[in-house]
Amino acid sequence: MAAMQKQFSLIRNKGFISGKWIPSSSTFLVYDPSTGKEIERVADMGEKEANLAVQAAHAAFKTWRTTTSKERSDKLKKWRNLMLKNQDELARILTKEQGKPLAEAYGELNYAMAHVEWLAEEARRVCGTIIPTPLPGRRLLVIKQPVGVTAIWTPWNFPYAMVTRAAAAALAAGCTVIIKPSEETPLCALALQQLSEEAGFPLGVVNTLPCSRENAGILADVILKSDLVSKMSFTGSCATGKLLMSKCVDTVKKVSLELGGNAPFIVFDSADVDQAVSGVIASKHRNTGQACVAPNRILVQDGIYDNFVAKLSEAMDKRLIVGHGLDKTSTQGPLINEKAVEKVERHIADAVSKGAKLLRGGHRHKLGHNFFEPTLLGDVKVDSLVCKEETFGPLTPLIRFKTEKDAIALANATTAGLSGYFFSRDHSQIWRVAEALEAGIVGVNEGNIVSEIHPHGGFKQSGLGREGSKYGLDEYLEFKYVCMGGIDEY
C-alpha cells in the first residue's frame, strides 16, 4: 500500500472536515474492478463525523455567503487550474478505481473542468430583477441568495464529472458543501478535495465524508434530517434517489435528483445508417454502457433493419476493444462489480428465452474478473427485462418497429425520461419526434450530447431539477422578492 501511495500523491484515505484530514475508528476497502485487487483502505465516516461536517459547513456558510462573486469565481478558477495541472494523475486514479479506459478518464476530466470553468464565470452573473411597479411610491425587486449548506451524493460511474457539476454550482452560488462519495469510487472525490484545499477555499466550505455501504444510511440520516442543511443533490439510481428524497421531507429541503434512465435510440428509415451506427457506438458504449444517458433500447424501423444490423455488427467488431483501462488500445473496461455482470447475464438470458437472437458476444470475457463481451441482440421483444430495466452494461438490444407512432409509443413506454436519441433526415419528422419524446435531453442525429452548457435532467421518475448550465445554478439559489414602499415620486 505504501507503493500505491507513492504512485498516486493525490490519493487520500481519510475524511476532510473544516480543513483537517480526519481518520475514523474503522475503514473499508476500495478495489480495482479490473483485477479485484485492493487499492486502498479508506476511513469509514460515521455519525460523529457527519455531525462535525454539518456544524462546520453551517458555520462556514455564515461568512462564505457574504464573499463577493469575484472571490468565489477566482477560487473556482484556481480549482480548475489545479485539476488541469494534475490531470495525468487524476486520470490514472479514475481508471484504477472505476475501470474506464484512460482516454475516457481524460474525457471525463475535461468535462469536469469545463463545468468548473463555466460555473466560475456564471458566479459573476447571478443577477436579480427590477419589476415595473403597478402602484406609485413602490419599487419591486428580486434578488438571488445562496440556499445554504448543500449535501452532495455522488455516483461511482462518473465521480469527477458529478462532484464538480454539483459542487461548483453550489460554491458559485455561495453555498457550502458536504460531499458523500460513492463507496466504490471515494478516492476520486478525495483527490478533488485535496485540490480544493490547495485552491484556498476557507475552512468548512468544502467537506468530504467517505463511508462504507453499511454506514451510508447513518450519514444520510444525520445530514439529510438536519435543519442546518438546506439542499440535497443526488446522482444515481431511482431507488436510492427516492430513499434519500424521503429523508429530506420533514425539513422540506430543496432537492436536485438526476436518476436512472431507460433511454430509447430510434433509427428511422430516413436515417443515414452509417451516422446512426456511429451514434450507437458513441452513446451506448461510453464507460462500457455504464452511463445514465446511455441508450438502453435501440428501436429500428423495418425498412433499414437488416442493413443497420450488418453495419452495427461490423462496427462493434472493429471499434470495441475490451481491456484494462491502462492499456492504450482498449475502448471497453470492466463493469464495476460482480453484481453488475450478473444483471447483464440475466437480461441476456431473459431476452433470448423470449425469442431474441444472440448476434454478438453474450458471455463473460476471457480476461475474467468483471469484464464482459460487448453484446448485440436482435429481434428483442418489448416484454423483455432489458426493455423494462436499465441494464447499465455492454448490452445492445435491437427492437423492430413499423411506424413513427409505434416508435414514439415504445420510446415513451417507461417511467424514466432522462435522455432519448433518434436519427432521421426528414425535417418534419425531426420536429414531431423531438417534441413528442418524454425526455429531458434529446439527441437528434447525434450520440454525443453532453456538455457543461446544457441543462441536465429528466422527465418523470428520472429526477427533479437540472444540473449544469445557467439553469442548474438556480437550483442552489433562493429567489427573494423585496417590495420597497414610501418612495416619493416627482
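**Exercise 1.** Are F268 and F422 buried or exposed?

*Solution.* The model is predicted. Buried means under 20% relative accessible area. F268 and F422 are both buried.

**Exercise 2.** Classify the ring pair of F265 and F423, and state which parts of the chain the pair ties together.

*Solution.* Step 1: the structure holds eight aromatic pairs. Step 2: in the pair of F265 and F423, the ring centres are 5.1 Å apart and the planes stand at 20°. Step 3: planes under 30 degrees apart count as stacked, so F265 and F423 are a stacked pair. Step 4: F265 belongs to strand β12 (residues 263-267) and F423 to strand β18 (residues 419-423), so the pair ties together parts 158 residues apart in sequence. Step 5: F265 and F423 are both buried.

**Exercise 3.** Classify the aromatic pair of F268 and F422, and locate its two residues.

*Solution.* Step 1: the centre-to-centre value is 6.3 Å, with 80° between the planes. Step 2: planes over 60 degrees apart count as edge-to-face, and F268 with F422 is such a pair. Step 3: F268 sits in the loop between β12 and α10 (273-284), while F422 is in strand β18; the two are 154 residues apart, and the pair links distant parts of the chain.

**Exercise 4.** Describe how helix α4 packs against helix α5.

*Solution.* Step 1: α4 (residues 87-98) and α5 (residues 102-122) pack at an angle of about 120°, and their axes are 9 Å apart. Step 2: that angle makes α4 oblique to α5. Step 3: the crossing of α4 past α5 is right-handed. Step 4: the contact of α4 with α5 has eight nonpolar, three polar and three charged residues. Among the residues that meet are L90 and L94 in α4, and L109 and M113 in α5.

Methods. Residues are numbered from 1 along each chain as its sequence is written. This is a predicted model: local features need pLDDT of at least 70, side-chain atom pairs count only at pLDDT 80 or more; totals for chains, interfaces and linings use all residues. Side-chain values use heavy atoms; hydrogens and water are left out. Axes are lines fitted to C-alpha atoms, for helices over the stretch in contact, and angles run from 0 to 180 degrees between N-to-C directions. Helices (H or I, at least four residues) and strands (E, at least two) are DSSP runs, numbered from the N terminus. Angles under 35 degrees count as roughly parallel, over 145 as roughly antiparallel, 65 to 115 as roughly perpendicular and the rest as oblique. A crossing is left-handed if the near helix is turned anticlockwise from the far one by less than a right angle, and right-handed if clockwise. Contact means heavy atoms within 4.5 Å. Ala, Val, Leu, Ile, Met, Phe, Trp, Tyr, Cys and Pro count as nonpolar, Asp, Glu, Lys and Arg as charged, and the others, Gly among them, as polar. Rings of Phe, Tyr and Trp (its six-membered ring) pair if their centres lie within 6.5 Å; planes under 30 degrees apart count as stacked, over 60 as edge-to-face and the rest as tilted. Buried means under 20% relative accessible area, exposed over 50%, partly exposed in between (1.4 Å probe, protein chains only).
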